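Please keep the sequence and the 3D view open as you read.

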Amino acid sequence: MCIGVPCQIVRIHDQMATIEIGGTQREVCLDLLIDESETRVGDFVIIHAGFAIQRINAQEAEETLQLLKEMME
Amino acid sequence: MKYVDEFRDATIAQKLINRIQRFKFNRKVRFMEVCGSHTVAIYKSGMRNLLPDIDLISGPGCPVCVTSALDIDRTIQLTRMPDTILATFGDMIRVPGSSSSLQNEISQGAEVKVVYSSYDALKIAEDNPGKRVVFLAVGFETTSPTIAAAILQAEKKGLENFSILSYHKLIPPAMKALLTGEQVHIDGFICPGHVSVIIGSKPYEFIPQQYHLPAAITGFEPVDILHALFMMMAQIKENRPAVEIPYSRAVKPEGNPMAIQRLYEVFEPSEAKWRGLGVIADSGLKLRRRFQKYDATQYYDLSVAESSDPPGCECGSILKGLKKPSECPLFASVCNPSRPIGPCMVSSEGSCAAAYKYG
Ligand code: SF4
C-alpha cells in the first residue's frame, strides 16, 4: 500500500499528476495537497494509495544531510 | 535516485552506528517501531546485528495484520450477499478469517475487485449502477484521508451505490495502550513516517510528557532509522525526552492540514478492535452522521457467530511486541509466504514475512 520512496512528477493535469516510479508511470490524485496549486512538474512527492500526500522539502533534506555530516566529523 | 541514495550512504550509516555504540547504559535499550515499512526496512538493512546494545521490536504497525478476525469474517459475510461487489486493496485478499478468506470466496464466485486507490472503487460503482459497491476501508491515518476524499467525491457525484466498511485504525491510541498495558517494556518509539506526514508530531507528545520516553519520527532508509536511534539514545543520555523529526524533508510538525481536515470532516473517532491488542477506545474511525448512507453496515446484516484467530498463530503477541516471529512454533516450517497461516505472514509488511525474507 505504501510506497516508501519519493516519486517525481512528470506531468500535471487537472487534479491529477503523472509520476514516475521505477521506470513506469502512474496517475496520482492531488486532492490531499494543501498547496496543490504550487505543485510543479519536477517536484518529488510521497505517494500513498493513489494520492500524493506530501511534497518533499528539498531544503529540509539538504539541512538534514548537512547536519549529519557535521555531526560525524 | 534522489532523496534515496543520499540516505543509504554507507559512510554516514557506519559513523552513526559508531556514535550510537558509544552510548552505554549497562542494559539493552529497547525501541519499538509501529510501521510495517519500518519493520521491513530494519530487517532488510540487517542493522539489528550491528547494534548489540539495542533491541528493536515491532509493534502494531501493519494495517493488514491488526485487522481482527471478526472484521475479516464480516467482510467475507458481505461478499456472500447478492448484487454486491467488494473493492479492496490487494493485501487483504489472502488474510485468513475464522474459516475462509477473500481469496477462497473469489474461487466460490464472490465478486471481489482489487483496487489501487479509493477512487478506483468509485469508478467501479459508477460502472455498475445495478450493484452495491463496498470498499473495505482498512489502514492507518495515511490511508483514511484517501477514503475520506472518496466519500466526499461520492457525495458530490450523488453516487448512491457506494459505501464502505470502516475498519480504519489510529496509531497513537494503540501506542498509548501498549504503554498503559505495561506488558512490554519500551524505552522509546520510532514513530511511523507516513502516518506522521498526515498527523504531524503533536499526537505523540504524550510519549515524552506522560511517559517521559523519547520518540523520533523517521523515514525508511538506513540513515533515517539510524539517525532516529541516535537521537533517542541522546535523549535518554541527556534526560530530555521529546518528539524529534529526523524525517523533516517529509514531515512537518503540523502534518498535512488539508488531509486532516478531510479526514475529520468525514470521520470521527470510535472504538475499534485490534488483533492482539483487543478493543481500544477512540482508536478507530466511524462515519459522521452526515455520511451515514455510505456506511455499508446500514444495508447488510453482518453478524457472525464466532470468530477465532488461526490456531497456533502468535500474531497477536507479535503485534504487541511480546514475541518475535522466530518464537512462533509454526514460523518457516508450517507457515511461510507461499502457505501463510496468519496475517503477519500474509502481508508483505508483516513481521513474519519480513523475518522470513530477510531474517
Ligand atoms: S509465523 Fe505464521 S503462524 Fe506464526 S505468528 Fe507468524 S503468521 Fe502467525
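## Reading the model

Helices (H or I, at least four residues) and strands (E, at least two) are DSSP runs, numbered from the N terminus. This is a predicted model, in which local features need pLDDT of at least 70 and side-chain atom pairs count only at pLDDT 80 or more, while totals for chains, interfaces and linings use all residues. Residues are numbered from 1 along each chain as its sequence is written, chains are lettered from A and ligands numbered from 1 in the order written, and side-chain values use heavy atoms, leaving out hydrogens and water.

## Around Thr79(B)

Let's begin in helix 4 (residues 69-79) of chain B, where Thr79(B) is found. Thr79(B) is buried, at a relative accessible area of 7% (buried means under 20%, exposed over 50% and partly exposed in between, with a 1.4 Å probe and protein chains only).

Beyond the neighbours within four places in sequence, Thr79(B) is in contact with Leu86(B), Leu102(B), Glu105(B), Ala110(B) and Val112(B); contact means heavy atoms within 4.5 Å. A polar atom of the Thr79(B) side chain lies 2.7 Å from the backbone oxygen of Ile76(B). Arg19(B) is 60 residues from Thr79(B) in sequence, and their C-alpha atoms are 54 Å apart in space.

## Helix 15 of chain B

Helix 15 (residues 351-358) of chain B has Ser351(B), Cys352(B), Ala353(B), Ala354(B) and Ala355(B) as its buried residues. Their cover includes helix 2 (36-45), strand 2 (54-58), helix 13 (315-319) and helix 14 (343-346) of chain B.

## Strands of chain A

Now to chain A, with strands counted as paired if DSSP finds at least two bridges between them. Strand 1 (residues 7-13) of chain A runs antiparallel to strand 2 (residues 16-21) of chain A, joined by five bridges, and Ile9(A) has Ile19(A) as its bridge partner there. Two residues sit between the strands of this hairpin, in which Asp14(A) takes a positive phi near 50 degrees.

Strand 1 of chain A is also antiparallel to strand 4 (residues 44-48) of chain A, through two bridges. Here Cys7(A) is partnered by Val45(A).

## Where the chains meet

The contact draws 46 residues from chain B and 36 residues from chain A. Together the two chains bury about 3,500 Å², 70% of it on carbon and sulfur atoms; buried area is the accessible area (1.4 Å probe) that two parts lose on being put together, summed over both. On the chain B side, Tyr3(B), Tyr116(B) and Arg249(B) lose the most area to chain A, together 18% of what that side buries.

Definitions and conventions
A polar contact is a pair of N or O atoms within 3.5 Å; within protein, one must be able to donate a hydrogen and the other to accept it, and residues adjacent in sequence count only if both atoms are side-chain atoms.
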